[in-house]
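Here is a short tour of one model, taken a piece at a time. Have the sequence and the 3D view open as you read.

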Amino acid sequence: MTMIESLRAEALAAPESGIVAVVNHGRLRDGLIPLWAGEGDLPTPAFISDAAARGLAAGETFYTWQKGIPDLRQALARYYARHFGKTFAEEEFIVTASGMHAIQLALDAVAGPGDEVVYLSPAWPNFAAAAGVAGAVPVAVKLDQSGNGWSCDVDKIAAAITPRTKALFVNTPSNPTGWTADHETQQAILDLARERNLWIIADEIYSHFHYGHGRAPSFLDIATGEDRILFVNSFSKNWAMTGWRVGWIKTHPALQQVFENLIQYSTSGVAQFMQRGAVAALDEGDAFIIEQVERARAARDLVCDILGATGKARFTVPQGAFYLFFTVDGITDSRTAAFDIVDRANVGLAPGTAFGPGGEAFLRLCFHRRLDQLEEAAHRLAKWMKTV
């Protein structure tokens, strides 16, 4: 038996990220416009970085609360009171080492080897891959697409549930499609979870990036305190903190010790000086969120106008998040197309093959960048489309 053959089957089966494969192919290209990753181009604002720097200068470099410093958990409670109209105790929040870490802990808590977790696809690939590494079986339910956009058929979710199903993973607004569940759909999913005694892992990271009126609908708007819902979230998107790797879980206070234990045996907590920056983000960052969302809205409209005018790009204008998920007439292999676009258009996109069932023919473009760069990228893509 070779060294690699002696590893766990689940580790060996962990897929290479289809997004990272394209990034690695093109990241050093001179003049390339990178629209492949799920982040904006603004650095973290000074009011956040300065708060972290003050904590670092004050010597906040020791072990700290594994569940998060009280100041940060209290700031999370204030944030939810402002934006969701709900009163929560600090004991209902657990600080994690990124939104991805929050998802991993949620999976650790509710699903193990042989259990099934149902998720909506096309989807950010990390959830299904993380479930597989944990030994669980990710079960994809494809969103429907029509001339009216993307939609979720809750009956299809019900049909995918088996006696081995432990949880439903729901990301809304969706990465990559922009689909955003309305309250009626969320209520139907919640009713199904209650009926089948299932957990919901609710990824509402893009709730502010909603191009209707105000934030997107949330399960918090309809849930009771005793519903089995784990809300996973991150500081990455709202406050331009993708590299910080700080997130949180909103959960029932009775589960706090369980999640604190899981943090102890994974990361043992987030650096305290970084948590100081997160406190500033929550308490001082509402105006920055508004600016980011309006910037993304203008960018979305610009890209849709240019690519739509080609007559070859097919898409639904996204309701939420900050991605355009589109097809190109004549293109069926999006992975090959993504590499070709790097080579011939000098633009970096994510291939839809990375996002699971239903995404194979699509390309994902992150439009959360400055307008001049997006305009240039869109024109390069339009020129490339004329050649295929």
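Predicted model: local features only at pLDDT ≥ 70, side-chain atom pairs only at ≥ 80, totals over all residues.

From α12, the residues A337, D340, I341, R344 and A345 make contact with R380, L381 and W384 of α13. Sorted by type, the residues of this contact are five nonpolar and three charged, with no polar ones.

Two packed helices are described by the angle between their axes and the distance between the axes. For α12 (residues 334-345) and α13 (residues 371-385), the axes come within 10 Å and cross at roughly 110°. Because angles of 65 to 115 degrees count as roughly perpendicular, α12 is described as roughly perpendicular to α13.

## A strand with two partners

Next, turn to strand β10, which covers residues 247-250. Strand β2 (residues 93-96) runs antiparallel to β10 and is joined to it by four bridges; here V95 sits opposite W248. Strand β9 (residues 229-234) is also antiparallel to β10, again with four bridges, and V232 has I249 as its bridge partner.

In a regular strand the side chains alternate between the two faces of the sheet. Within β10, G247 and I249 point one way while W248 and K250 point the other way, and all of them are buried.

## Cysteines

How many disulfides does the count give? The count comes to zero disulfides. Take C304: its closest cysteine sulfur is in C366, 13 Å away, so the two are too far apart for a bond. A disulfide would need the sulfur atoms within 2.5 Å.

Are C304 and C152 buried or exposed? C304 has 10% relative accessibility and therefore counts as buried. C152, at 15%, counts as buried too.

Conventions. Residues numbered from 1 in each chain as written. Heavy atoms only, no water. Axes fitted to C-alpha atoms, helices over the stretch in contact; angles between N-to-C directions. Helix = DSSP H or I, 4+ residues; strand = E, 2+ residues; numbered from the N terminus. Parallel < 35°, antiparallel > 145°, perpendicular 65-115°, else oblique. Contact = heavy atoms within 4.5 Å. Nonpolar A, V, L, I, M, F, W, Y, C, P; charged D, E, K, R; others polar. Buried < 20%, exposed > 50% of the residue type's maximum accessible area, 1.4 Å probe, protein only. Pairing = 2+ DSSP bridges.
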